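Hi,

Here is the structure I said I would pass on.

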Amino acid sequence: FNAPIHLAASNLPAGITASFVPASATGSAVATFKAEKSATPVRTQVTITATAGSVSHTVTLPLEVTQILAGTVPVDLSPAYNVTAIYKDGSKFGMAAGIDNDGAALSAEQAGTEQVGGGVLFKLGPANVADAVTSKTVALPAGKFSSLRLLAVGVNGPQEMQNFTVNYTDGTSTSFTQSLSDWSETGTAHGESLAGTMAYRNMGDGSADASPFYTHAYAFPLDGGKSVHSISLPANRDVVVLGITLIPLM
């Protein structure tokens with residue numbers, strides 16, 4: 001159609017509003033759903049209607065409203081970024097330039113700029129540049145926290161019994177052993193919760209692999225009497241961390 005396509009959302013739960021940028025488009029548009037404080041957790045279906053002149057088309061999409069913890073502290077991972085995990089749709093990149101070191105990556109359009117896992121919000125890095133971390137020690141903001149949450153994926157198969165070590169400013173540390181499901185799996189490892197669900201991943205030749213892919217969240221309890229300094233990630237290229245969030249003491 002040469003006429004602009006007008007987009008609208010209906011069947012929204014109470015306390016949820018939707019907006020589209022641009023509101024009228026001849027190509028793609030980004031939908032944003034906003035939850036007010038009055039919104040309650042729910043899983044439902046919403047209807048998106050596209051209208052161009054006298055022609056309209058509707059699709060039904062799943063929508064989940066999840067309560068998240070307030071006052072959490074997102075960790076700035078940018079100084080440690082050493083993997084490009086997220087690409088815009090249609091981007092081309094080399095075999096070793098994706099999240100799995102084998103020509104595949106997350107879709108920026110599917111992953112968004114933030115994800116929720118285990119009731120915690122994680123910030124994602126920018127697309128088409130280094131935006132994730134593997135096999136490094138990551139600095140944490142000094143402070144006392146109750147727990148550390150990770151948003152991560154295992155690639156090239158499940159990654160069993162991986163070692164994560166939280167280091168404190170007094171020179172002590174605490175180690176955690178955690179298995180990670182592969183990013184093609186919804187997740188069954190102990191201590192693992194499903195975070196992002198994406199309908200496809202991007203391939204290095206610019207195409208899309210139309211199978212679902214996932215990110216997962218993990219929680220490590222901290223010694224609230226000590227100030228954190230850093231976290232040492234497993235020395236394993238197949239474990240990729242996309243976000244870290246710290247939970248304050250209550």
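This is a predicted model: local features need pLDDT of at least 70, side-chain atom pairs count only at pLDDT 80 or more; totals for chains, interfaces and linings use all residues.

Let's start inside: the largest nonpolar core has 25 residues, and Val138, Leu148, Leu150, Phe164, Leu222, Ile231 and Ile244 are the ones that touch the most other members. By nonpolar core I mean a set of buried Ala, Val, Leu, Ile, Met, Phe, Trp, Tyr and Cys residues joined through side-chain atoms within 4.5 Å, where buried is under 20% relative accessible area, exposed is over 50% and partly exposed is in between (1.4 Å probe, protein chains only). Two or more residues each come from strand 13, strand 14 (159-168), strand 15 (173-180), strand 19, strand 20 (228-232) and strand 21. Strands here are DSSP E runs of at least two residues, and helices would be H or I runs of at least four, numbered from the N terminus. Apart from this core lies another one of 23 residues, among them Ala85, Ile86, Ala108 and Val240.

Residues are numbered from 1 along each chain as its sequence is written, and side-chain values use heavy atoms, with hydrogens and water left out.

Back to Ile244: leaving out residues up to four places away in sequence, Ile244 touches Val73, Pro74, Val75, Leu77, Phe122, Val138, Leu140, Leu148, Arg149, Leu150 and Ile231 (contact means heavy atoms within 4.5 Å).

Five strands make an open, antiparallel sheet in the order 7-21-13-19-16; strands pair if DSSP finds at least two bridges between them. Strand 7 and strand 16 (192-198) are at the edges with a single partner strand each, so one side of each has no neighbour in the sheet. Strand 13 (residues 145-154) is largely enclosed by the rest of the structure, because nine of its ten residues are buried. Nine bridges tie strand 13 to strand 21 (residues 239-248), antiparallel, with Leu151 opposite Gly243 and Ala152 opposite Val241. Six bridges link strand 13 to strand 19 (residues 213-221), also running antiparallel, and there Leu150 has Tyr218 as its bridge partner.

There is also an open sheet of four strands, antiparallel, in the order 12-20-14-15. Strand 12 (137-139) and strand 15 sit at its edges, each with a single partner strand, so one side of each is left without a neighbour in the sheet. Strand 14 and strand 20 run antiparallel and share four bridges; Thr165 stands opposite Ser232 there.

Ser181, between strand 15 and strand 16, is buried, with a relative accessible area of 5%. Its side chain makes a polar contact with the side chain of Glu192 (2.7 Å) and reaches the backbone nitrogen of Thr188 at 3.3 Å. A polar contact is a pair of N or O atoms within 3.5 Å; within protein, one must be able to donate a hydrogen and the other to accept it, and residues adjacent in sequence count only if both atoms are side-chain atoms.

Ala80 is in the loop between strand 7 (73-74) and strand 8 (86-87), and is buried too, at a relative accessible area of 7%. Beyond its neighbours within four places in sequence, Ala80 is in contact with Ala132, Val133, Lys136 and Val138.

Cheers
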